[in-house]
Amino acid sequence: MIHAQHAPVVTVGSLAGCTSAVEFGLSVESKEVPCFGMVPYVEQVPGLKSAEVKVSAWQDFASGATAERLRALSGAAEVVQVAQDRGAVGSLAWFTAGPLLARPFISGKVGELAGVELMVSGNGMAAAEGLVTIGPDVPVTATMSGVGQQVGAVAAGGVAYGALSVLTMTAGATVTVALQSAASLGGAYTTRATSAALTAAGAVLLSSVAVTPHQWWRLTVTVTGTTPSLVMLGSVAVG
């Protein structure tokens, strides 16, 4: 049982409404490679990774509500984040990106709540497991840096990821995000990737393949506008 105090935050793009269930699965293909001169002459090696996320919520039939927005976004690429402890900074987070497949349905029994289910199929990147660097509990009103998280160094062939979901933002505000790394929590941070400016609620996925011994990573957001206020969830990971 998931206690309410430790319930996860689930975001799909800029959507973060009430959810009743979530499944986040990761699979890896197994490939058979012949190995002559080595009994039993075959070896199993990992192939492509794929991720699939299923989120269940309630249908409220209101204009602009979750189900209506999902139908409009069906087929679009979206960033999905699932963070423990309501997205508290430092809590465990999983994220992926891929096309959104909305599958609304209505229960067939009188008196029951109508449900809606969506699925995101991982595309390009499979899935990353990291830590929250910016939490949604306090609105962001100015340029700020998330709390550095020790998620590891990037070796050859590795990738560092940063995901930011802007759930709400005031009219006229803009935000850009940078993925940064440092040798220590309080050290000098180096920018590894930056995003284009967001002028409306949405999500960004950043990545860097630069090999670095830096183990501390964070997201920094640059906010502009007149009295801006934004609610965001940001996570970092190294895979």
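Modeller: Let's start with terms: a helix (H or I, at least four residues) or a strand (E, at least two) is a DSSP run, and both are numbered from the N terminus. Ser-30 lies in one of these, strand β2. This is a predicted model, where local features need pLDDT of at least 70 and side-chain atom pairs pLDDT 80 or more, while totals for chains, interfaces and linings use all residues. Residues are numbered from 1 along each chain as its sequence is written, and side-chain values use heavy atoms, leaving out hydrogens and water.

Colleague: What makes Cys-35 count as buried?

Modeller: Its relative accessibility is 13%. Buried means under 20% relative accessible area, exposed means over 50%, and partly exposed is in between (1.4 Å probe, protein chains only). The value of 13% is therefore on the buried side. Cys-35 sits in the loop between β2 (19-34) and β3 (42-58), and beyond its neighbours within four places in sequence it contacts Tyr-41, Val-42 and Glu-43.

Colleague: How many of the residues of the protein count as buried?

Modeller: 41% of the 239.

Colleague: Why do Lys-54 and Glu-52 count as a salt bridge?

Modeller: The rule asks for a side-chain nitrogen of Lys or Arg within 4 Å of a carboxyl oxygen of Asp or Glu. Here the N to O distance is 4.0 Å, so the pair qualifies. A search of the whole structure finds one salt bridge. Lys-54 is partly exposed at 26%, and Glu-52 is partly exposed at 36%.

Colleague: What makes a set of residues a nonpolar core, and which members touch the most others in the largest one?

Modeller: A core is a set of buried Ala, Val, Leu, Ile, Met, Phe, Trp, Tyr and Cys residues joined through side-chain atoms within 4.5 Å. The largest has 23 residues, and Leu-164, Val-166, Val-175, Leu-179, Val-221 and Met-232 touch the most other members. Elements giving it two or more residues are β10 (160-169), β11 (174-182), β13 (202-208), β14 (216-224) and β15 (230-238). A second, separate core of 10 residues includes Val-10, Val-12, Val-82 and Val-120.

Colleague: What makes the phi of Thr-227 stand out?

Modeller: Most residues other than glycine have a negative phi. Thr-227 has a positive one, near 45 degrees. Thr-227 is in the loop between β14 and β15 and, at 69% relative accessibility, counts as exposed. Asp-85, also not a glycine, has a positive phi of about 50 degrees. Asp-85 lies in the loop between β4 (77-83) and β5 (92-104) and is partly exposed at 30%.

Notes: Contact = heavy atoms within 4.5 Å.
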